[in-house]
Amino acid sequence: MAKEKPSIASQTSDISWEVRANAGQFHRKLQRKSFSFFRWGRYADNTIRSHKYTPLNFLPYTLYEQFQRFANFYFLLIVVMQCVPVISTIPWYTTVFPLLIVLAVRALKDLISDMGRRRSDKQINSRACDILTSGSFQTAQWRNVCVGDILRIHKDQIIPADVLLLCSTEPHSLCYVETADIDGETNLKFRQALAATHNTLLHDSLEQTLSNFNGVVFCEEPNGNLYSFRGELRWQGQTHRLDTEHILLRGTALRNTDLAYGLTIYAGADTKIMKNIGKVIVKTTKVEKILNRVILGIMLFVLLVDLLLAVGSGVFEYQVSPRVEVLEALGGDSSPAYRAFLTFWGYVILLSPAIPMSLYITFEVMKVIQCFFINWDLQMYHEESDRPAHARNTSLNEELGQVGHLLSDKTGTLTQNRLLFRQCCIAGDVYGDLPANSQSEKVQPLDLSWNRFSCGGLQFWDQRLVDRLVKERCPQSREFFTALALCHTVMTEWKEGAPHYQAASPDEEALVGAARELGWVFLSRTRDSLTVSQLGHTCQYQLLTLVDFTSDRRRMSVLVREPGGDLKLYCKGADTVILERLRKDCPHRESSERALDLFAQGCLRTLCVAVRSVSEAQWGQWSQVLEECQAAEGAGREARLEELHDSMEQQLTLLGVTAIEDRLQDGVPETIATLRQAGIKVWVLTGDKTETAVNVGYACRLMDPDTSLLQGEQLRQLLQSSDPDVAVRQKKKSEIWSTKTDKSMLADNSTIVINGLELAELLAVPESGSRFVALANQCASVLCCRVTPGQKAQVVQLVRRHTSSVTLSIGDGANDVNMIKTSHVGVGLYGVEGSQAVQNADYALGQFRFLGRLLLVHGHWSSQRICLFLRVFLFKTTSFALVHVWYSFFSGFSSQRVYESWFISLYTVMYTSIPVQCLAVFEQDVSAEGCVRWPEMYQKGRRMEHFGPRALGATLLYSLYASLVLCLLPLGVFQSLALDYQTLAVTIGMAAVFTATAEVAIKTKYWTKYNVVALSLSLLLYFVSTLILHSPRLHSRAPNDYIFPGASINAFREPVVWLTVLLTTCAALLPSMLMRALDVVLSRSNTHRVRSQRDSELTRPDSKRAPFQRGAVQRRSSYAVSQGKGFGRLITSGAGLRSTSGEGPRQPTPHPAGAETVNEHQQHQQYLPGHANGDTVAADQS
């Protein structure tokens, strides 16, 4: 029985979460329930609800969201006022139908997006699992799991909730989990049940024993901390301490364990991964926010003008009307104040077209069309996975062209989760080729047919090495691969007659796998032996000691007794660690260092492999110290062990160097380099280790070859510095950090590296957060390592809080969902870690490399098109509506219309809508090739040149000028002509249509046949509909609705009308034509330079961009520092392995038939994991 431990409930006040095993009634009684917006209960069910709408809250929720827009709320008030006859100057139907269409289109779009999330939730909630019910396990769905239920989890199943591991079919109730969907790491992590539950529950009648289990767990309240857990199990009168090693988290996958049994602690929304996902956030683009402010400004301006015009009306009624008999009769008995009051509301309605209702309809339609272009782009189609690009959110297209910060996950996003053995250096000779060369040239694959253990997949092409091993029997090469086959903590699983490896690090798996393919096959291990097949001959090595990897040591060693009886210590690790431990006369040192530099140029992860012969006397001394350390207790024990290990790993002889490629997705380096040229700050946020992330950062060109790293104490000192203009520069030789106030010396070529613990400290102090972001903006890039999903979202919030930059997050797993939701734009990749990232993303891509085209091409085009569309739309509506302001001075401030009511209704809907829509759909300032070729063009969108205060101010002033010309010039002409009011209305209306259409033509730089058809069709619709609406026949049938009978026919017959329209249009467009000419002639902007050079440069034979080259990296990438602590403690303690006489719950798995092995009773087989009872195995010579 386990020794009783003191309770921690008295030490901490937050251990208040109570879970009773097999007490379903207790937990279901307190299960959390909800109705509409009301929720009650303590324990969450296991149903995932990432959608935000329900049948009850959809209508109020969507109306609440829609009327947050100033224009929608304003037009709702306009509709109400139009229903009051005494102040209505425009029919009510001219506003209510566009408003309903706007609300319906937006609501339908949001509903479709939410239904996609609902389908994803249903798929997850319907997964199968085994729940203990009435004494036996029954298959149910994830949604049926409740807190307190006991679950049976099968091998390779995803764990449905956060559970306490009670026992498993493995010795000591060990089990292995893969956490790729949580922290991005693909290497296995072990979890172990309490000894008390393992010894008591694991019997033949397991289901009955589990049914009788009545333990009670007290633990911390649900939280999002993935790397800590505190609690206790109270059972059979004893209290057992619980920590993270006893918990299996939702989303992890059970590996190499047949069955595991666990007690559900947290379910559904209370699980740690769901606590990190966050809530659904309604995203609004920067352009839309600016537009809302502009609309609000126009609204306030119009209300002010309405007020001034109402005052003018009151003054006119008071001073002028009494002197004119007709006007006095029209005024009736109303006082001037009352007339002014009615006139104010009349002008509010009359000038309402200045706030364009159809703008939002067209806005949504144009964005949807642009989303179709993204979906249809074949250059963003990933053929291997049959995944096209998919715009899941139709509201954020222009935001793609304004991204300032890109925050990316690493594992599965930048990398393929594949490590490949590429090259090696043995005895000074380099074998293999750089990946770039092997891909560009036709290579002959190695003939490994002689190796019956080969599983394929070796990306290594150099027959010389195979000849050295097999034919020439080179001793240096053989010992090199012997070291790779022995010096590791890998465990074996046999599948289809071949060994497959599971390792604490993917690097180890790649190295042992490469050794297997080349004939040195690691077969199995026990607590004290290793079995290896060397070119078909099975040898068993006695394992004397294993010194595991730590981040401080950056190396690992094994001491073995060879079949011949000799003692050898094999060591592998970082080059900086191994080289300083070599003996003075070590051969091939200089050539190996040159190989290290060569491998580093290819951004390969390197490590050195060395050996030391050990005498029996030395081993006797070491073993005596090891025994003394194992018996000792206290702080001095670890220090003494470290001193011993350091003395053992001296006087080494270098065997060689390995080079592993951390396989990136295709095109990742080129994409990141291009995005950086576009001025985008790239941050990588990963749950992986710091050293691994740094290696990948160099490989993917996040950091340049001469980039210096700012981390640890140096970073802390800079953030605490009192100098506000602190800048960082690392001298490459002295490694000294200094501060500079000269902004020309800023750390443009430095990269900040920060881990999760440091980030937590930084986020706790608001001032540090602002200084960190300011410092990061001076650096080239940022690497955040060992961060939780919640911290990823906090980093995004930090950037959003302290910069005005648009953030884009990209990831492929559930651990990236919170980050994707928090950023302005979220991009999900179709990965191997499920579809949660895609389901919660705004855009979905098949590969990271497509992000470059999404931003530089579609983002740039969408931003320019939307901004240009909005400016032209604002111009044509405000210039059209403000004509009434100037006309009021000639109509006695009577709120009389200049145009007929049908013209007001159809002006923005029919007469001028199609050309501006074509502008928003087809306009290009640069071709797609030019956008990629000159990424600097992207910075125009980031700087908001097309929709900034300057551009908007110029547009509004221009529209004010155009409205003045549209009103005064025709009035001035008609002063001396015998033409009536209706002809004047037709003339001003036609001039307004011509001005808006011509303005679109001036702004259009990329002409298509659709633009020509749109311009022609717009004018044709105006003339045809005007003639129809002015038909005397319609007037006779509805005289109140059609009040201009025959006006257009009469006007079109007058040459002076056409001359006036032409003169008015040219005068109104004069500023636009002048600015266009000055822009082309004088400024010669980047766009014009690109367009003028495009035809010549793209056709030149030497104009093709140079292929991406791996630079001369001035650093050495090390495998050893990228590996976490392995299974060394389990191996040396025997907790994870079977010994010779140990009995476990299942029978040994024999070697494949025909294998040339030692006696079948020799325990060289390995089970994942196995059982050990402390027995040892003597070394056996093959």
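This is a predicted model: local features need pLDDT of at least 70, side-chain atom pairs count only at pLDDT 80 or more; totals for chains, interfaces and linings use all residues.

I began with helix α23, residues 712-719, and found that this helix lies across β30 and β33. Strand β33 covers residues 750-755. I noted an angle of about 65 degrees between α23 and β30.

Next I asked which sheet β30 and β33 belong to. They are part of an open sheet of nine strands, in the order β16-β37-β36-β35-β17-β29-β34-β33-β30, with mixed pairing. At the edges I found β16 (390-391) and β30 (708-711); each has a single partner strand, so one side of each has no neighbour in the sheet.

I then followed β16 to its partner. Strand β37, residues 843-845, runs antiparallel to β16, and two bridges join them. I looked up A391 and found Y843 of β37 as its bridge partner.

My next stop was V773, in helix α25 (residues 766-778). Is V773 buried or exposed? Its relative accessibility is 1%, and buried means under 20%, so V773 counts as buried. Setting aside neighbours within four places in sequence, I found V773 in contact with L798, H802 and T803. I also checked R801: this residue is 28 residues from V773 along the chain, and their C-alpha atoms are 9.5 Å apart.

Last, I stepped back to the whole protein. I read off 42 helices and 37 strands. Of its 1182 residues, 58% count as buried. The accessible surface comes to about 48,600 Å², and carbon and sulfur atoms account for 55% of it.

Key:
Residues are numbered from 1 along each chain as its sequence is written. Side-chain values use heavy atoms; hydrogens and water are left out. Two strands pair if DSSP finds at least two bridges between them. Helices (H or I, at least four residues) and strands (E, at least two) are DSSP runs, numbered from the N terminus. Contact means heavy atoms within 4.5 Å. Axes are lines fitted to C-alpha atoms, for helices over the stretch in contact, and angles run from 0 to 180 degrees between N-to-C directions. Buried means under 20% relative accessible area, exposed over 50%, partly exposed in between (1.4 Å probe, protein chains only). Accessible areas come from the Shrake-Rupley method with a 1.4 Å probe; for residues, only the protein chains shown count as cover.
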